[in-house]
Amino acid sequence: MTATAETHKFEAEVAQVLHLVTHSLYSHKEIFLRELISNASDACDKLRFEALGNPELLSGASELRIDISVDKDARTLTIRDNGIGMTRDEVVANIGTIASSGTRKYLEALSAEKKADAKLIGQFGVGFYSAFVVADKVTLTTRKAGEDAATGVRWESAGTGEYTLETLDIAERGTLVTLHLKADEDEFLHAWQLRSLVARYSDHIGFPIRMPVDRADENRDGKPTDEWEVINQASALWTRPKSELSDEEYQNFYKHISHDFNDALAWTHNRVEGNQNFTSLLYIPAKSPFDFMGGGRDERKGLKLYVKRVFIMDAAEQLLPAYLRFVRGVVDSDDLPLNVSREILQQNRNLEKLKAACTKRVLDLLDKLAKDEPEKFATFWKEFGQVVKEGVAEDFANKERIAKLLRFASTHTGSAAQTVSLDDYIGRMKAGQDDIYFLTADGYAAAKGSPQLEALKAHGIEVLLLVDRIDEWLSNYLTEYAGKKLRNVAKGDLDLSKFGGANEEKRKEAEKAAEGVVKKLKALLGERVRDVRVSARLTDSPSVLVLDEHDMSPAMQRLLKQAGHDIPEAKPVLEINPMHALVKRLESESDDARAADLGLLLLEQAQILEGAQLDDPAAYVRRVNALLVNGG
Ligand code: ADP
Ligand code: MG
């Protein structure tokens, strides 16, 4: 039975992606083959999984496989699988009426990169559309496993705004995708070319990929034969011994599971036998996927759980903590039940152990990278360092190991690059120094120029500069490392007297001498500050704000306020530098109004340096101008 074809329209966003795909020039057109084979392989994985509970589904052809063939006269290339197949509704939902969240993200990525690139397409779950890079018409016929022959569907589109759908009889389950190649895409009609692409991109697919036996040399009449031969390894790569695997094979497998176009940065491949038996192959990408920092936490794909070689599900959340969500790879367990569902998995006692083991593997790999390949580690840190920082709070058991991996900017390097580890810092600590000093700020420039650093600099004491958004939060969790306290230099009493020197003597004297001006300022500022005192922090600037040891930092207060939280105001302490001319001037100012202006300025300047927005910037400007014009 063949009903007449119905014509449907794509949703606007799908049409937009197709338009981009069909009208752009690509550097790696052949990606389409990898994507279509990957879909065929997913379909075989899904069927094998479903068949665990319902072996009937495999009746007919129990060997799952993927066949590739060409018809030179018709100029078509066909990829066929005998996997799960699709119902009519599934075709509509999966292949294109309805825009997936990936469609939107792909469009965003393209406009962000200012160019369309096929390399990206698979990452967004819209890999099927890459067929239109080389084809001006694509026909997909499919029939779901376990359904009647009469439920077959044919979908066809020229990649413009619409497609046709038709119901027809299809005897065998599975999906057939036929590409009607564009005029200048003849290279994909050559069997040798296709074989070499399969060898390059899809060798490790766990199902046999077959092509017709090529007898062109012996049998010059060129008649097609019915014989097929397997053209890939067709064994799960991770089950093979490490010694047999080349870097290239590892990299190709990485690209297959991650849809990343770049090589992986590093990987770790292990077989564990004992209480638990499992194999893990875990990769660290060299580049974060598009929008990784934005959307990353909930959508976690790319870590696949197999049980005895059978693909079970994407299980990144179950197998690794969130702060390692950049990891891609495969975990194949011999101990989990094959019929494991997401719910069962969460309750399985083995799972926690599996997760701990995978976490340890990744941390081991990162340790090794930091030690043996610092350049690679630097790349890693740039891409994923911010995510790793979450681990300090998230993974108590590994806190010390994670802290060891952290890298920061520092006053020692004089560069914004985050390269200094806590161990580096400890190695450079001054005699008598017990604490690790750090400063948090809204950015490197603000940190580097902060008056909080003046006295520490004068004493030659290194300060770590924590300038990422997450650092403020990180510093609440990372209070100690290797038996040393981490100290925020903007908080509490900064006592540097043990680092001694003439400076300290002078300061004591100045403190005494400044009693008058401190009193004056306290009276002028009243409720605005908790206290006014002489600073041990300053050498050049007139004033600075400090907090008590347990106060929330102003940056944190601002963040929480922005997020709508109602938080009690923590009043700062104003510290002054009595040696500064501005402070001296306040001391001797006899005009009350002018003294009030000077007092406020000392507070406001400190607020600005700390990164705050002034309550009344206009009044501030007026005060500064009045002093500039009259007060010289
Ligand atoms: P992704 O594979 O990342 O989900 P694709 O655009 O490649 O994105 O494919 C979209 C969806 O279409 C797949 O998730 C799957 O449901 C369906 N699909 C594509 N090819 C096949 C196939 N050969 N057999 C069964 N379903 C398929
Ligand atoms: Mg796909």
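A polar contact is a pair of N or O atoms within 3.5 Å; within protein, one must be able to donate a hydrogen and the other to accept it, and residues adjacent in sequence count only if both atoms are side-chain atoms. The model is predicted: local features need pLDDT of at least 70, side-chain atom pairs need 80 or more, and totals for chains, interfaces and linings use all residues. Residues are numbered from 1 along each chain as written, chains are lettered from A and ligands numbered from 1 in written order, and side-chain values use heavy atoms, without hydrogens or water.

**View 1. Residues around ligand 1**. Among them are N39, K46, D81, G127 and T175 (a heavy atom within 4 Å). A polar side-chain atom of N39 lies 2.8 Å from a ligand 1 oxygen. The side chain of D81 places an N or O atom 2.9 Å from a ligand 1 nitrogen. G127 uses a backbone N or O atom, 3.0 Å from a ligand 1 oxygen.

**View 2. Helices α20 and α21 packed together**. Helix α20 spans residues 581-588 and α21 residues 592-610 (helices are DSSP runs of H or I, at least four residues, numbered from the N terminus). Their axes lie 9 Å apart, at about 150° (lines fitted to C-alpha atoms over the stretch in contact; angles run from 0 to 180 degrees between N-to-C directions). So α20 is roughly antiparallel to α21 (over 145 degrees).

**View 3. Helix α18 packed on α20**. The angle is about 80°, with axes 9 Å apart. Therefore α18 is roughly perpendicular to α20 (65 to 115 degrees). V517, K520, L521 and L524 of α18 meet V583, L586 and E587 of α20 (heavy atoms within 4.5 Å).

Definitions and conventions. Helices (H or I, at least four residues) and strands (E, at least two) are DSSP runs, numbered from the N terminus. Angles under 35 degrees count as roughly parallel, over 145 as roughly antiparallel, 65 to 115 as roughly perpendicular and the rest as oblique.
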